[in-house]
Amino acid sequence: MSSVAGSRAVRAVVSRESAIDRVRAYFFSDTRRSIQTVLGLIWVLVGALQFQSFMYGKGFIQMLQGMTAGQPGWVADSVNQGAATMQSHQAIFNTGAALIQVAIGFGILYKRTTKPAIAVSFAWALVVWWFGEAFGMLFMNMAMPLTGAPGAVLLYGLIGAIVWPNDRPGGLLGVRGARTAWAALWLVMAWLWLLAPSSSANAIHNAINAAPSGMSWLSSVQNGFASITKGNGLIFALVLSALSAAIAIAVARNWRAKEFLILAAVLNLIFWVVGQGFGGMFAGGATDPNAGLLFIVLAYAMYTLVDVDEGVRRLVTDTAPPRREPVSASAAS
């Protein structure tokens with residue numbers, strides 16, 4: 001009797017291990033597929049957040065309309081028109097938006113539809129960046145990297161382009177294109193740190209105090225960082241601007257890129273916790289996890305491309321024929 005029970009236990013363990021192996025082989029077979037899986041899960045999370053009751057009320061419409069103050073006329077008019085259109089049939093439009101995002105996520109997770117799902121995500125990311133984020137506030141001189149500028153949804157598209165399913169390292173962009181896009185993104189952030197909304201004496205302090213929380217320990221951490229930055233906003237902004245520029249240039253030039261990508265991930269982890277409060281997911285009313293998490297995923301995607309060129313050079317060197325030294329006249333004689 002004991003031998004039968006033992007054999008059943010062994011079969012259960014083997015079956016469980018084989019199931020884990022199948023999941024690993026399907027979703028995490030290599031680094032690119034692993035990043036695709038993480039990206040798909042984030043899209044599913046964003047779609048799930050869109051089903052919150054807050055998204056079906058006036059608060060969501062007011063949040064959209066609140067992003068138009070100080071914007072150029074064409075941005076303000078288009079965002080207001082989009083908010084008014086959504087309000088006219090809010091239940092239908094919001095449910096549709098949620099289903100699109102969930103469909104993108106599951107489409108990326110399913111291998112046969114990964115490519116078309118990422119293609120759809122490009123168009124949807126542009127729509128959300130325009131009408132849902134007002135271009136990350138870049139046109140109203142209020143964008144702040146600490147709180148998520150230049151916009152989380154922009155990063156969804158960039159990550160999707162890098163992990164596009166093909167045989168080319170760097171996906172649609174290639175290695176050089178991915179590094180160029182990374183450098184442009186971080187140089188924009190370096191510039192944003194120097195603007196008044198980020199560099200005034202209490203800019204960082206006020207931004208942290210206004211960040212969502214929803215958990216007591218998170219509020220304690222935010223209060224600690226807020227007290228450190230009080231009155232020292234300019235100093236912190238100059239340091240963070242210099243670091244952002246260094247991260248951009250180092251990765252673009254592939255000079256100590258791994259170290260600077262780790263630094264970028266650590267900085268954005270701090271931003272995600274302190275300045276973005278995990279996107280407000282624990283406070284209620286969050287539309288997405290915000291940019292911090294996406295920057296970490298993007299940094300990992302870039303990390304996988306660091307040694308690509310070096311590997312090619314090593315391959316060429318190893319397979320090249322040996323160099324023949326010229327023979328002098330005396331040696332020949």
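Residues 24 or more positions apart account for 74% of the contacts with a separation of 6 or more in this predicted protein model, a contact being a pair with heavy atoms within 4.5 Å. The fold holds 16 helices and zero strands; these are DSSP runs, of H or I over at least four residues for helices and of E over at least two for strands, numbered from the N terminus. Residues are numbered from 1 along each chain as its sequence is written, and side-chain values use heavy atoms, with hydrogens and water left out. As the model is predicted, local features need pLDDT of at least 70 and side-chain atom pairs count only at pLDDT 80 or more, while totals for chains, interfaces and linings use all residues.

The average pLDDT (the predictor's confidence in each residue, from 0 to 100) is 89, and 88% of the residues score at least 70. Over residues 310–333, however, the pLDDT is below 50, and this stretch has two contacts in the model beyond near neighbours in sequence. Where pLDDT is low, the predicted coordinates should not be read in detail.

Turning to the interior, 42% of the 333 residues are buried, meaning under 20% relative accessible area, with exposed set at over 50% and partly exposed in between (1.4 Å probe, protein chains only). The largest nonpolar core contains 75 residues, and Tyr156, Trp182, Leu298 and Met302 have the most contacts inside it. Helix H13 (residues 257–275) gives the most to this core, with 10 residues. Such a core is a set of buried Ala, Val, Leu, Ile, Met, Phe, Trp, Tyr and Cys residues joined through side-chain atoms within 4.5 Å. Leaving aside residues up to four places away in sequence, Tyr156 touches Leu39, Ile42, Trp43, Val46, Asp288, Pro289 and Leu294.

Asn290 sits in the loop between H13 and H14. This residue is buried, with a relative accessible area of 16%. Its partners, not counting residues up to four places away in sequence, are Thr147, Gly148, Ala152, Gln276 and Gly279.

Phe225, in helix H11 (residues 216–229), is partly exposed, with a relative accessible area of 34%.
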